[in-house]
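Keep the sequence and the 3D view open together while reading. The text below goes through the structure one part at a time.

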Amino acid sequence: MKKHLLCLVFLIASHQLRLASSVSSAQMIDAADYGLPDLEASADATPAFRRALEACRELKADGLQVPPGTWHLYPDYAFEENLAVANNNPGVKRIVFLLDEMKDFSLVGNNTHFVCHGEMIPISADAATNLTLKGFSIDWARPFHFQGRVVAIHPDQNAFDLRVHDEVIYELRGERLIFREKKNPTSTTWKEWAPPPTTQLAWEHNLQWNMWFDGKTRHPIPGEHQWALEPDPRVEEVATGVIRIFDAVRLMPKAGWVLTVKGMVNPNRTSPAIRIARSTNLHIEDITIHHAGGMGIIVQRTDGATLRNVNATLRSDSGRLVTTTADATHFNGCRGDILIQNCTFENM
C-alpha cells in the first residue's frame with residue numbers, strides 16, 4: 001500500500017512539475033514554432049502569426065516573440081473587424097496582429113521586418129492594457145502613392161514629362177491616368193468587388209491629391225498649393241514609363257522635381273501601420289515605419305503612451321520620397337502622459 005501511495009505521490013509531483021514547466025515556457029511564445037521556418041520566400045506568413053497569436057491567448061502568454069527575417073503579410077487570412085479609425089478611413093479592415101483586450105502583453109521582434117501587401121492594418125489593439133510593441137519594421141511591397149520625376153518641360157504645349165517610378169503600376173483610361181496596387185487581370189476587367197479581399201482585389205487612385213519634392217534634397221517644394229495639379233489632368237504616354245501631363249498646373253515645375261500623389265481625396269487612408277484605441281499604458285519602442293497607406297501610428301481614446309526610438313523614415317534602397325501617406329502619428333482624444341523620445345518623422 002505504501003509503495004502504491006509513493007508512486008501516486010511521485011506521479012502527481014511529476015505532473016505538477018511538467019505543468020509548471022509548461023506554464024513557465026509559455027510566458028513568451030516563439031512564432032517560429034508555428035510554421036514560419038517552413039515558408040518559402042515571399043510566402044504569406046499571416047496564417048502562422050495568427051496561429052501563434054491564438055496560442056498566446058489560450059496559454060495567457062506574456063508575449064509573442066518574432067524571429068529575425070523578412071516576413072510577408074497578406075490580407076486574405078488575416079483577422080477581420082469593422083473599425084472606425086480616427087483620422088483614417090473607416091470600414092472593414094484585415095488585421096494580422098489583432099491584440100484586442102491583451103493585458104501585460106509584448107509583441108517583440110529581433111531584426112524583424114514586416115512587408116505588407118494591399119489594404120490592411122498590420123497591428124491593431126482595442127482595450128489593451130500595458131501593451132508593448134518593440135523591435136521591428138513595417139513596410140509595404142507596393143506603395144500607396146504615385147511618384148514620377150520631371151524629365152522634360154514643354155511650355156509651348158503647357159505640358160511636362162514624368163518618368164514614373166519603377167514601383168508604380170499605372171494605366172491610361174482614355175486620357176486619365178490611374179495608378180493601382182496590381183495590374184488588371186485582363187484588359188476588359190471593369191471592377192473587382194470587396195470585401196472580402198481576393199487575389200484579384202486591388203486599390204486604385206487618380207492624380208487628385210498631390211505635392212512636389214526636390215529630387216536632390218528630398219525636401220518638399222515650398223508653397224505646395226501654387227504647384228498643385230488640377231484634378232484628373234489630360235495624360236498621354238510618350239514612351240514606356242514616361243507620361244506627358246497637359247494643362248495641369250498654373251506654374252510649370254522644374255526638371256528634377258518629383259511629383260508624389262496619394263490619390264483621390266477620399267478614401268486614401270485605408271491602411272495605417274499601427275492602430276490603438278481605448279487602451280491604457282502603451283509602449284512602442286525601437287520600431288521603424290517605412291511606409292503606410294494612412295497614418296503611421298494612430299492612437300485614440302488611450303490613457304498614457306510612450307514612443308521611444310520610433311521612426312517614420314525612407315528605406316534607403318527604395319527610391320521613394322514618401323513614408324506615410326498621412327501623418328506619422330496622431331493622438332486623438334487621449335489623456336495622461338504622452339512621451340515621444342528620440343524619434344524621427346520624415347517625408348510624410
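**Salt bridges, strands and a helix**

In this predicted model, Glu 285 and Arg 308 form a salt bridge whose closest N and O atoms are 4.0 Å apart. The pair links distant parts of the chain, since Glu 285 is in strand β19 (residues 280-289) and Arg 308 is in strand β21 (residues 303-312), 23 residues apart. Glu 285 has a relative accessibility of 18% and counts as buried, because buried means under 20%. Arg 308 has a relative accessible area of 26% and is partly exposed.

A search of the whole structure finds 17 salt bridges. One of them joins Arg 275 to Asp 126, with 3.3 Å between the closest N and O atoms. Arg 275 belongs to strand β18 (residues 274-277) and Asp 126 to strand β7 (residues 121-126), so this pair ties together parts that are 149 residues apart in sequence. Are these two residues buried or exposed? Arg 275 is buried at 3% relative accessibility, and Asp 126 is buried with a relative accessible area of 13%.

Another salt bridge is formed by Arg 234 and Glu 236, and here the closest N and O atoms are 3.4 Å apart. Arg 234 is partly exposed at 31% relative accessibility; Glu 236 is partly exposed as well, with a relative accessible area of 35%. Salt bridges can also be joined in a network, as they are for Asp 139, Glu 167, Arg 315, Asp 317 and Arg 320.

Next come the strands. Strand β6 (residues 103-116) pairs in the parallel sense with strand β2 (residues 63-66) over four bridges. In this pairing, Gln 65 stands opposite Val 108 of β6. Strand β3 (residues 69-73) also pairs with β6 in the parallel sense, over five bridges, and Trp 71 has Phe 114 in β6 as its bridge partner. A further parallel pairing joins β6 to strand β8 (residues 129-140) over 10 bridges. There, Cys 116 has Trp 140 in β8 as its bridge partner.

Cys 116 is buried, with a relative accessible area of 0%. Cys 343, at 21% relative accessibility, counts as partly exposed. How many disulfides does a search of the whole structure find? The number is zero.

An α-helix has 3.6 residues a turn, so residues three or four places apart point the same way. Just after α2, Lys 60 takes a positive phi of about 55 degrees.

Strand β12 (residues 176-180) runs antiparallel to β13 and is joined to it by two bridges. Phe 179 stands opposite His 205 in β13.

Terms used
Residues are numbered from 1 along each chain as its sequence is written. This is a predicted model: local features need pLDDT of at least 70, side-chain atom pairs count only at pLDDT 80 or more; totals for chains, interfaces and linings use all residues. Side-chain values use heavy atoms; hydrogens and water are left out. Two strands pair if DSSP finds at least two bridges between them. A disulfide is a pair of cysteine sulfur atoms within 2.5 Å. Buried means under 20% relative accessible area, exposed over 50%, partly exposed in between (1.4 Å probe, protein chains only). A salt bridge is a side-chain nitrogen of Lys or Arg within 4 Å of a carboxyl oxygen of Asp or Glu.
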